[in-house]
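Dear colleague,

I am handing over the structure below, and I would be glad if you kept it open while reading the notes that follow.

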Amino acid sequence: MTTTPAPSSSAPTRLHTDGLGALAPVVGRPAYDRSKVTTGIVHFGVGGFHRAHQAMYVDQLMEQGEALDWGICGVGALPHDRRIVDTLRAQDGLYTLVVKHPDGHREPRVIGSIVEMMFAPDDPQAVVDRLADPATRIVSLTITEGGYLVNQVTGEFDASDPSIRADLEEGAVPRSVFGYVVAGLAARRAAGQGPFTVMSCDNLPGNGDVARRMMTAFARLKDPDLADWMDEHVQFPNCMVDRITPVTAPEDIERLADEFGVEDGWPVVCEPFTQWVLEDHFTDGRPPFEHVGVQLVDDVVPYELMKLRLLNASHQALCYLGYLSGYRYAHEVCQDPLFVDFLLAYMEREGSPTLPEVPGVDLDAYRHQLIGRFANPEVRDTLARLCAESSDRIPKWLVPVINANLGSGGEIERSALVVASWARYAEGVDEQGEPIEVVDRIKDRVMAAAARQGDDPLAFLRDQDLFGGLADDPRFAQVFTDALSALHEKGARETLQSWSTRVST
């Protein structure tokens, strides 16, 4: 595909089936007949990542003349989902995926695999009916790490969460993803149909196993017999998903119109790299994902841990320290040798030693590839995005690394500094006295703990739902308090410089 821009005189073409032929030659578009695509997948959580990843893979298959019966029906279940539903409905489900290469070259393609959008609060029964339709063979999820309602201490389903309380009432109309999925399975069982596969695509260790435990626990509270049926018949494959997909900025929309002549209400931007490692465990068939580069495996755990403990944990390692040092984008941080050295040392000395063997992967090359991906100046991934929802991320991505290294006598200094930098960030004021907008589902709780650190240096660490018993571990507690003290006294950059000396001795 060339990169010649659309003529400046051409008016932007609105994304709509009738307008595809008017797109500039440099814009890829579906060559397949979308009128022949039928729904086989229902997806909850049609955000940027789904559209840069799973929907893109399905579109690639369709471009090869395959999987035309695996079109995607996107479902928005939360009030804020109305905007994406309305936007994609107005565009016949079409949107532009813009791959941003490090050299500034942008590669746009119109994706056509989403053929239906539903806003569940408008017609809950229509969503249940779609799930109950025998043509629906996969229900996939990107509902965020916190969307599975896992108690961080017990690992069990949090039945007290207000988002699902109404769904547990007798005869309730579904409101949550849990309510819809279980209602769809119940309808299929009552009709004597087989179940669909539930495929989580969220960044969780054992995402399929988590989805199985939580969905079945919810079902057991409503109908124990249904839960038993789910245990016996429903497949929940684990998978590892990877593609950096920042929030679409207004300038992305403007540049798409100006440079390529495409008017898109909500395009998606992403990096060139993409990976999907998927367990081949499906209830009622699947698209031939292996034909477009998806790795089908029997056990996804080694790949999953590699990604969570190296890529995802490294995002946390760079975001708070980078923000406190005055940076606002990931690529700025990863073009700074001080931060690069810190990140590579974390990955090599703390993250990698906790991993099992990862078949076919050169971990040293993978670590350096991550730095290159983070440093892509075109992606412009904001540190604010990476700092958000930390209470769902640090416990899943970094705390397991800490616990493993404490158990083995390994290094924990860099991980402790990362946790301390989150604690400092959660105070809500940066090093210049400017406010920090902390975004977290338990924002009040983490900020209240951070506010107590002046009187109790371990106040932040004492939240056992987030950190287990780390506050009671003398070794970790000492390094954490040293790090927090240094961040207050010296600031983030000087602390990082001194930390490099500390951990090398």
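How many bridges join β4 to strand β5, and do they run parallel or antiparallel? Six bridges join β4 to β5 (residues 106-111), and the two strands run antiparallel. This is a predicted model, in which local features need pLDDT of at least 70 and side-chain atom pairs count only at pLDDT 80 or more, while totals for chains, interfaces and linings use all residues. Residues are numbered from 1 along each chain as its sequence is written, and side-chain values use heavy atoms, with hydrogens and water left out.

Strands here are DSSP runs of E with at least two residues, helices are runs of H or I with at least four, both numbered from the N terminus, and two strands pair if DSSP finds at least two bridges between them. Between β4 and β5, which form a hairpin, lie five residues, and G104 in the turn has a positive phi of about 95 degrees. Three bridges also join β4 to strand β11 (residues 268-270), and these two run parallel; in that pairing V99 stands opposite C270. Six of the six residues of β4 (residues 95-100) are buried (under 20% relative accessible area, with exposed over 50% and partly exposed in between, using a 1.4 Å probe and protein chains only).

With best wishes
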